[in-house]
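Student: I'd like a close look at one part of this model, the aromatic rings. Could you walk me through how they pair up?

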Amino acid sequence: SNGYMHIAITPISKACVNPYLGREIAGSEEHGFEPNKIYYGLRDPKELEKAAKTFDGMPLLLLHHKTDAENPAKEHTVGSIGTDGKFEAPYLKNSMTITDAKAIRMVEDGQAQEISCSYRFRPDFTAGEYIAEDGSKIHYDFIMRDIEGNHVALVPEGRAGHDVKVADSNELINTATKEERRNI
């Protein structure tokens, strides 16, 4: 009745290997990383599992903006993450509520359907290979440890992949008969 979009559970991040510029990685220069070169970071499944509850109650922003208690980015806040944080390999999942009509329209029309988490982490500069769900081996240059949530953003394209997006569906509506639709 208030027009909000409630999502019972959706992936908000994923265990995978992603590209990062050296300047995005704390302490990277001391380890020989160049600021403008791309390095690959493992968002380790065990670390995501430990971090799940740190995302509970975090603000949901339209695009990434610096935010904390002193500067809450109110003009970009479009909802919040729930308190259902859990890790179900390979996904970090949670509920969310979108309270801004413009953001809801952007999710519905695909302009900002993907999800990107902002977090702090301690880089472990140990390189290796991650074995993905499909069995492929992916090289990484560092591992993200001690992950701690800051905010979650709706974005056009998230780093974790196209499968980390708002899981909103009309499946029930589309499969219901006309009579059932009246009662939903």
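Tutor: Keep in mind that the model is predicted. Searching the whole structure turns up six aromatic pairs. Take Tyr20 and Phe142: their ring centres are 6.0 Å apart and their planes meet at 70°, and since anything over 60 degrees counts as edge-to-face, that's what this pair is. These two come from distant parts of the chain, 122 residues apart. Tyr20 belongs to strand S2 (residues 17-21), while Phe142 belongs to strand S11 (residues 142-155).

Now, buried or exposed? Tyr20 comes in at 6%, so it counts as buried. Phe142 has a value of 0%, so it is buried too.

Phe142 also has a partner in Phe121, and this pair is stacked: the centres are 6.1 Å apart, with 15° between the planes. Phe121 is in strand S8 (residues 114-124) and Phe142 in strand S11, so this pair ties together parts that lie 21 residues apart in sequence. Both Phe121 and Phe142 are buried.

Step back a bit, and these rings belong to one aromatic cluster, made up of Tyr20, Phe55, Tyr119, Phe121 and Phe142. Back at Tyr20, there's a charged neighbour to look at as well: Arg159 lies over the face of the Tyr20 ring, 3.9 Å from the ring centre. So Tyr20 pairs edge-to-face with Phe142 and has Arg159 over its face.

How values were computed
Residues are numbered from 1 along each chain as its sequence is written. This is a predicted model: local features need pLDDT of at least 70, side-chain atom pairs count only at pLDDT 80 or more; totals for chains, interfaces and linings use all residues. Side-chain values use heavy atoms; hydrogens and water are left out. Rings of Phe, Tyr and Trp (its six-membered ring) pair if their centres lie within 6.5 Å; planes under 30 degrees apart count as stacked, over 60 as edge-to-face and the rest as tilted. Helices (H or I, at least four residues) and strands (E, at least two) are DSSP runs, numbered from the N terminus. Buried means under 20% relative accessible area, exposed over 50%, partly exposed in between (1.4 Å probe, protein chains only). A charge sits over a ring if NZ of Lys or CZ of Arg is within 6 Å of the ring centre and within 35 degrees of the ring normal.
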